[in-house]
Amino acid sequence: MAELVRFGVSMEERLLRDFDRMIKRRKWANRSEAIRDLVRRELIRSQWQEAGRRVVGTVTMLYDHHKRELPEKLIEMQHRHSAAALSSLHIHLDERNCLEVVVVRGKAAEVRALADSLIGTKGVKHGELVMSGVREE
Ligand code: NI
């Protein structure tokens with residue numbers, strides 16, 4: 001393991017309390033381990049977001065299909081980005097709620113743009129883009 005460097009971190013008490021709860025929940029050994037993990041994850045994420053890099057991923061959305069024209073809008077966007085939106089899985093959770101997972105592939109910038117427009121559509125209650133990819137040597 002490379003040599004560790006110590007540095008101080010300041011944050012609001014409340015934020016630190018929430019952070020400590022998360023550390024417990026996710027079973028990190030301590031704050032340092034948690035911060036290292038989070039920093040690594042963000043670094044990978046920002047590398048993947050370099051505009052030209054090719055990625056694969058999923059966009060997960062939870063929405064109410066009774067919201068006016070929402071399902072049509074979401075389908076429309078996927079058609080508009082048909083090169084990036086490969087496939088989708090739709091699950092009718094209950095009377096109102098749908099869970100949809102769209103598998104995406106393309107340049108990080110395109111994938112991000114598609115995900116942002118899907119997730120940002122009014123009526124989408126929750127949405128998340130997960131990007132992955134093989135490291136280009
Ligand atoms: Ni549905």
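Guide: Gln78 is located in helix 3, where helices (H or I, at least four residues) and strands (E, at least two) are runs assigned by DSSP and numbered from the N terminus. The model is a predicted one, in which local features need pLDDT of at least 70 and side-chain atom pairs count only at pLDDT 80 or more, while totals for chains, interfaces and linings use all residues. Residues are numbered from 1 along each chain as its sequence is written, and side-chain values use heavy atoms, with hydrogens and water left out.

With a relative accessible area of 11%, Gln78 is buried; the word means under 20% relative accessible area, whereas exposed means over 50% and partly exposed lies in between, using a 1.4 Å probe and protein chains only. If its neighbours within four places in sequence are set aside, Gln78 is in contact (heavy atoms within 4.5 Å) with Ala85, Ser88, Glu100, Val102 and Leu118.

Gln78 also takes part in the meeting of two helices, where Leu74, Met77 and Gln78 of helix 3 touch Leu114, Ser117 and Leu118 of helix 4. The residues of this contact divide into four nonpolar, two polar and no charged; here Ala, Val, Leu, Ile, Met, Phe, Trp, Tyr, Cys and Pro count as nonpolar, Asp, Glu, Lys and Arg as charged, and the others, Gly among them, as polar. The axes of helix 3 and helix 4, which are lines fitted to C-alpha atoms over the stretch in contact, with angles from 0 to 180 degrees between N-to-C directions, come within 10 Å and cross at roughly 170°. That makes the two helices roughly antiparallel, since angles over 145 degrees are given that name, while those under 35 count as roughly parallel, 65 to 115 as roughly perpendicular and the rest as oblique.

Leu118 leads on to the largest nonpolar core, which has 21 residues and in which Val59, Met61 and Leu118 have the most contacts. Such a core is a set of buried Ala, Val, Leu, Ile, Met, Phe, Trp, Tyr and Cys residues joined through side-chain atoms within 4.5 Å. At least two residues each come from strand 1 (54-64), helix 3 (70-80), strand 3 (97-107), helix 4 (108-119) and strand 4 (124-132), and helix 4 gives the most, with five residues. Not counting residues up to four places away in sequence, Met61 touches Leu74, Cys98, Leu99, Glu100, Val102, Leu118, Val124, His126 and Gly127.

Cys98, one of the residues touched by Met61, belongs to the nickel site as well, where the protein donors are His90 (NE2), His92 (ND1) and Cys98 (SG), at 2.1 to 2.4 Å from the ion. Donors are N, O and S atoms within 2.8 Å of the metal (3.2 Å for Na, K and Ca), and water is not among the atoms, so sites may look incomplete. Along the sequence, the donor residues follow the spacing H-x1-H-x5-C. His90 is partly exposed, with a relative accessible area of 31%, whereas His92, at 62%, counts as exposed.
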